[in-house]
Amino acid sequence: MNSLRVPLFAGVMAALLAACTSPVPRTENEWRPSPNFDSRRPNLVVIHHTTDETAEEALQTLTSPERKVSAHYLVGRDGQIFQLVDESNRAWHAGQSWWNGQSDVNSASIGIELDNTGLEPFPDVQIDALLTLLGQIKERNNIPTANFVGHADVAPGRKVDPSVHFPWARLAEHGFGLWCARPYPLAPAGFDKVLALAALGYDPGMPEASEQAFKLHFMHDSGSGSSSGVVSDDPASAIEDLLFCLLQQKTNRGSD
């Protein structure tokens, strides 16, 4: 190889080696569509109350670009249903939350707002409309019975909706959520209340707040008129017995 070709050869080899170790990034992706995918399929329903005086006020909030909050549905006091976000999309309703190991509840859930201040009973016509809507949602998405919860359940210590006035027992009668009526079966010796709350779905990192949210949902006095969440004067053992009953229901009902 003559003296003129040596530098040229060396330069070419250096360029080739550089090309091998530092590839030029592509500016466009090559699209190879696969048929193997599903749309987002939620497996949880979270129920809220709006705190507003009217449905129109709530709609303004839920559709405001500045407020950055939404829900999939709003159910008015008169039973009218407004759909705001497609069920296959992620609405912004739960905020910082946790349920059953899921820390991004918005990605796994459908949010339903009820037109209610939080200080008033829910009209029968509104609950009737909600029950119809829940039946449709459950059928479309195959949502388990146990996975119909309140905002307070997924955000304990931060939220108290849908308030002590909400008729959870009535929903459970129609297959939306769990419920146990007194007398509760006795929990076995050594029953761990904190572990039971976590097994039901509550945040294990917030045991005291989770217990209060649990009481708000399952042990409230619907005639108290309070929205504080301090709603039960039952003995501590009753909480364990109720938890034991609900976990039995959750296990027995499976994914129905």
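Trainee: How do the residues of the lining of the largest pocket divide?

Mentor: Six are nonpolar, eight polar and six charged. Here Ala, Val, Leu, Ile, Met, Phe, Trp, Tyr, Cys and Pro count as nonpolar, Asp, Glu, Lys and Arg as charged, and the others, Gly among them, as polar. This is a predicted model: local features need pLDDT of at least 70, side-chain atom pairs count only at pLDDT 80 or more, and totals for chains, interfaces and linings use all residues. Residues are numbered from 1 along each chain as its sequence is written, and side-chain values use heavy atoms, without hydrogens and water.

Trainee: Which residues lie nearest the centre of the largest pocket?

Mentor: A pocket is an open set of points on a 1 Å grid over the protein atoms alone, where a 1.4 Å probe fits, with protein on both sides within 12 Å along at least five of seven lines; lining residues have an atom within 4 Å of a point. In this model His49, Val69, Glu113, His151 and Lys159 lie nearest the centre, out of 20 lining residues.

Trainee: Which element gives the most to the lining of the largest pocket?

Mentor: Helices (H or I, at least four residues) and strands (E, at least two) are DSSP runs, numbered from the N terminus. Here α2 gives the most, with three residues.

Trainee: Which residues touch the most other members of the largest nonpolar core?

Mentor: A nonpolar core joins buried (under 20% relative accessible area, 1.4 Å probe, protein chains only) Ala, Val, Leu, Ile, Met, Phe, Trp, Tyr and Cys residues through side-chain atoms within 4.5 Å. Of 29 residues, Leu200, Tyr202, Phe214, Phe218, Leu242, Leu243 and Leu246 touch the most other members. α9 (236-253) is one of the elements that supply at least two residues, and α9 gives the most, with eight.

Technical notes:
Buried means under 20% relative accessible area, exposed over 50%, partly exposed in between (1.4 Å probe, protein chains only).
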